[in-house]
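Open the model in your viewer and keep a selection tool at hand.

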Amino acid sequence: MQTRLQMTFTKPQNVNTSGKKVFLNASQNTDGNTAKMAKELFGNEKYTQINLSEYNIPQVGQGDGDYQKVFDQLKGAKVIVIGTPVYWSNMSGYLKTFMDHMNINSELKGADLYTIVQGADSDQSAAIQSTYGSLNRIARRFELNFVGVGSNNSDMKVLHNQLVGE
């Protein structure tokens with residue numbers, strides 16, 4: 001018997017902040033659907049986009065590559081949006097490989113975490129559940145405030161309203 005994962009979220013702590021905002025794009029397409037959804041989520045808010053496809057982050061055990069360059073760009077962020085397309089019912093390899101390199105520390109503590117999980121399938125529930133499970137663990141270990149997951153345009157509006165405090 002399979003049980004469904006219960007998703008729990010927290011209220012954003014960094015609402016309507018002028019602090020650093022970062023979008024970690026785990027898609028092979030730097031301006032594809034995942035990036036477009038991030039633009040909807042951020043609205044007029046200024047943010048930095050990091051495209052994992054532009055960095056060399058090898059599998060664990062094969063060196064760190066550019067991992068630290070990417071992680072350093074996340075440090076000090078008040079808002080972190082992680083976006084991934086769905087490949088074979090799960091997050092992209094770019095995101096999984098990046099996460100595999102993460103070591104527990106307090107350098108992201110207190111940031112609000114928003115997640116975009118998007119794909120072509122009309123039912124993204126399995127991918128959302130799987131991605132949520134992994135990122136929820138990251139959020140707990142790094143003391144991030146996991147605000148929500150979105151997979152479509154209406155979700156982006158809800159998340160945007162949380163981001164700006166509407």
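How much space lies in the largest cavity? About 80 Å³. A cavity is a set of points on a 1 Å grid over the protein atoms alone where a 1.4 Å probe fits but cannot get out; its volume is the space filled by probe spheres set on the points, which are joined across faces, edges and corners. The model is predicted, so local features need pLDDT of at least 70 and side-chain atom pairs 80 or more, while totals for chains, interfaces and linings use all residues. Residues are numbered from 1 along each chain as its sequence is written, and side-chain values use heavy atoms, without hydrogens and water.

Select the lining (residues with an atom within 4 Å of a point): Leu24, Leu74, Ile80, Ile82, Leu95, Phe98, Met99, Met102, Leu108, Leu135, Ile138 and Leu144. Strand 3 (79-85), helix 3 (93-101) and helix 4 (125-142) each give two or more residues to this lining. Helix 3 gives the most, with three. Helices (H or I, at least four residues) and strands (E, at least two) are DSSP runs, numbered from the N terminus.

Next, select strand 3. Seven of its seven residues are buried, meaning under 20% relative accessible area with a 1.4 Å probe, protein chains only. Val79, Val81, Gly83 and Pro85 point one way, and Ile80, Ile82 and Thr84 the other.

Strand 1 (residues 21-25) pairs with strand 3 in the parallel sense over five bridges; pairing takes at least two bridges found by DSSP. Here Val22 has Ile80 as its bridge partner. Strand 4 (residues 112-118) runs parallel to strand 3, joined by seven bridges, and its Gln118 stands opposite Pro85.

Notes. 1 Å grid on protein atoms, 1.4 Å probe; cavity = no way out; pocket = protein on both sides within 12 Å on 5 of 7 lines; lining within 4 Å. Buried < 20%, exposed > 50% of the residue type's maximum accessible area, 1.4 Å probe, protein only.
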